[in-house]
Amino acid sequence: MWGAIVGDIVGSRFEWNNIKDKRFALFHGDCRFTDDSVMTVAIARAIMEHRTTGADLGELAIKYMRWFGRMYQHRGYGGGFRDWIWADNPVPYNSYGNGAAMRVSACGFAAANLTEAKKFAYQVTAVTHNHPEGLKGAESVAVAIFMARAGVCKDDIRQYINDNYYKIDFCLDEIRDDYHFDVSCQGSVPQAIAAFLESESFEDAIRNAISIGGDSDTIAAITGSIADAYYGVPQECINRARNYVSFVMGDIINRFDQMFPDNREKLVFNE
């Protein structure tokens with residue numbers, strides 16, 4: 001679970017000041033956690049309660065995204081989502097923004113199988129981002145995370161994403177110079193997945209994600225969540241990230257990791 005948080009924090013200082021380079025300090029005084037981390041924690045909290053009590057996951061997602069969103073205001077929420085947080089009667093608003101994809105890492109980490117990863121992603125996404133592209137973006141990330149946890153090789157992950165979600169028929173060097181800020185799922189999730197696929201380590205994945213520019217914190221959060229499932233997160237990165245998040249957020253992440261330990265040797269990927 002720490003992968004998305006690390007990616008968000010590291011990418012936060014480059015969101016409006018893109019760097020088209022992989023050479024930069026990961027953690028910096030200008031870094032902070034953004035809405036990406038807040039909503040990642042909210043969904044993790046919802047899944048923990050769902051698994052414990054059997055309560056409806058969609059309703060829990062609404063409850064905790066609104067609760068955490070109100071607790072941690074001014075963290076970069078989009079206008080539509082901010083209105084949803086404070087609405088008297090929150091309803092889906094047909095969004096295909098990449099907020100759908102940046103918050104679903106818990107779905108991939110908690111799932112016992114591919115079907116459950118997809119189900120979780122739909123349930124926590126449809127309550128806000130019910131546009132087909134929003135649902136697709138969230139599901140693709142949850143699926144990539146589950147596949148990485150299950151030990152599926154990168155070539156097979158790429159093929160599955162190509163066949164079912166996005167054509168990742170480009171490399172980062174080809175798009176880096178011209179890639180620009182795009183908050184849609186279809187304009188940022190494929191790039192985030194590509195950053196993982198081209199990586200050699202967790203840290204390299206984060207550097208790849210930020211080096212293309214665009215919505216840096218969100219792209220890095222998505223890439224980081226998949227890289228976490230594939231490589232794990234170096235303890236040093238976790239220790240550094242703890243200094244940026246609140247005690248409440250850190251505690252939920254820790255409890256989630258305890259509830260859903262690394263059991264990749266027991267996972268089987270199949271359709």
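Predicted model: local features only at pLDDT ≥ 70, side-chain atom pairs only at ≥ 80, totals over all residues.
Residues are numbered from 1 along each chain as its sequence is written, and side-chain values use heavy atoms, with hydrogens and water left out.

The protein contains 15 helices and zero strands; these elements are DSSP runs numbered from the N terminus, with helices (H or I) of at least four residues and strands (E) of at least two. The C-alpha trace spans about 45 × 40 × 35 Å along its principal axes. For 271 residues, a compact globule would have a radius of gyration near 18 Å, and the 17 Å of the protein agrees with this. The radius is taken over C-alpha atoms, and the globule rule is 2.2 Å times the number of residues to the power 0.38.

Of the 271 residues, 60% are buried. Contacts (heavy atoms within 4.5 Å) were examined between residues at least 6 apart in sequence, and 74% of them join residues at least 24 apart. The protein exposes about 11,100 Å², of which carbon and sulfur atoms supply 47%; accessible areas come from the Shrake-Rupley method with a 1.4 Å probe.

A disulfide is a covalent bond between the sulfur atoms of two cysteines. Here it is identified as a pair of cysteine sulfur atoms within 2.5 Å, and a search of the whole structure finds zero disulfides. For Cys153, the nearest cysteine sulfur is that of Cys171, 19 Å away. Cys153 counts as partly exposed because its relative accessibility is 36%. Cys171 is likewise partly exposed, at 27% relative accessibility.

Most residues other than glycine have a negative phi. His74, although not a glycine, has a positive phi of about 55°. His74 lies in the loop between helix H3 (57-71) and helix H4 (79-86), and its relative accessible area of 70% makes it exposed. Asn94 also has a positive phi, near 60°. Asn94 is located in the loop between H4 and helix H5 (99-102), and counts as partly exposed at 46% relative accessibility.

How values were computed:
Buried < 20%, exposed > 50% of the residue type's maximum accessible area, 1.4 Å probe, protein only.
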